[in-house]
Amino acid sequence: MSSIQPTREGAGTLAAEFVDAIWSGTRLSQATKRLPAGVAVLASFLMFSCGSDKAHTSSPANPAAAHSATSVSGPQVSPVTAGAANAAPPASQTGGFDGARAYGYVAKLVSFGPHPPASAAIQNVQKYIRSQLEGFGCSVDEDDFHAQTPIGTLAMKNIVAKVPGAGRGIILLLTHYDTKRVASFVGAEDGGSSTGLMLEMARLVCKDKKQPNSVWIAFLDGEEAQLDQWSDADSVYGSRELAARLAVSGDLKRVRAVILADMVGQKNLHISRESNSTKWLTDLVWKTAARLGYKDVFVPRELEAIDDDHLPFLHRGVPAVDLIDLADYQAMGYWHTPEDTLDKISPRSLAIVGHVILESVKELQAKFR
Ligand SMILES: [Zn+2]
């Protein structure tokens, strides 16, 4: 398990280590994106008993605006940075990927408020994602489907930006944009960070000159379990839908690699190698990160298996890698709580992960030309 970094907000190191120890002791061999109940209670107790400031008082930047966001564009949020240590480097230093812009997209997504599947708010998020993609010149496919969930049939929507290549191959990038069905949960990190990152990715690749392989960027609905407890049947609805749909159309055979981003924007980001992920693809991404000088973020350490949107593709034999820092966010007590807010997000982290994905896609284009 990753070591726990004291946060800028000043949560005590000792308490963090305590959470770490408890978490390690209770961890199942297969970590899912679900925190055992006892740990959740302890983590929230520690959060309210040991930290000092912002961790206790943070809330959605503007809850009133968040809950009244009805227009397509939503409230205006300027892409401010979050202090020097977390400022994004100039885009010219990160392959053209603009971390400040990505942060601006995350801020906008958060401003729509909680947006679980089939909510009024998620419809505004969908319109926002689509309008941004069209503005970037992407061709956009939408797949409306109905998911059978433990709380009933829910209307969901996958949105896929498609950049055609010269050959038949497809490089598929994934993010989920739905938020967990938890009161006042806006998902700045869990749902927001990777979605803001992929919007910035789309801005770049949709204006690219023709590459050997197509690049598709899928914005997935329904990653989260609709009940509190994660299960195989109640999770990754959008990803399962996309994989099944591509299998039927025959396009799945064209997919050379899947890169999933999920929880990639937090301060003190440490992404470990996720052990469900395909080894050669993980190697490719970590080698790329090391070459770019990001060994401190893409740490050369294996993490336990995580259930996430890459699984439906792995199960169908498609190489896939999950880029995620779940452990740190859990240890801080922010994960799946109303504390998952914009102040936890670093434009610099977004810039680094964006740069690595961008360069990894180039490596894949060369590998499958
Ligand atoms: Zn989640």
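What follows is a working chat about the sheet and the helices of a predicted model.

Biologist: Before we start, what are the ground rules for this one?
Modeller: This is a predicted model, in which local features need pLDDT of at least 70 and side-chain atom pairs count only at pLDDT 80 or more, while totals for chains, interfaces and linings use all residues. Residues are numbered from 1 along each chain as its sequence is written.

Biologist: OK, in what order do the strands sit in the sheet?
Modeller: The open sheet has six strands in the order 1-2-4-3-5-8, with mixed pairing; strands (E, at least two residues) and helices (H or I, at least four) are DSSP runs numbered from the N terminus, and two strands pair if DSSP finds at least two bridges between them.

Biologist: And which strands stand at the edges?
Modeller: Strand 1 and strand 8 do, each with a single partner strand, so one side of each is left without a neighbour in the sheet. The twist averages 20° from one strand to the next.

Biologist: Which way do strand 1 and strand 2 run, parallel or antiparallel?
Modeller: They run antiparallel and are joined by eleven bridges, with Ser139 standing opposite Lys162 in strand 2.

Biologist: What about strand 5, is that buried or exposed?
Modeller: Strand 5 (residues 255-261) is mostly covered, with seven of its seven residues buried, where buried means that 20 or more other C-beta atoms, placed from the backbone, lie within 10 Å of the residue's own.

Biologist: Switching to helices, which strands does helix 12 lie across?
Modeller: Helix 12 (residues 347-367) lies across strand 3, strand 4, strand 5 and strand 8, running at about 175° to strand 5; axes are lines fitted to C-alpha atoms, for helices over the stretch in contact, and angles run from 0 to 180 degrees between N-to-C directions. Contact here requires C-beta atoms, placed from the backbone, to lie within 7 Å.

Biologist: And helix 8, what span should it have?
Modeller: At 1.5 Å a residue, the 13 residues of helix 8 (residues 237-249) should span 18 Å, and its end C-alpha atoms are 18 Å apart, which agrees; the expected span is 1.5 Å times one less than the number of residues.

Biologist: What comes just after helix 8?
Modeller: Gly250 does, and takes a positive phi of about 90°.

How values were computed: A residue is buried if 20 or more other C-beta atoms lie within 10 Å of its own, exposed if 12 or fewer, and partly exposed in between; C-beta atoms are placed from the backbone. Two residues are in contact if their C-beta atoms, placed from the backbone, lie within 7 Å.
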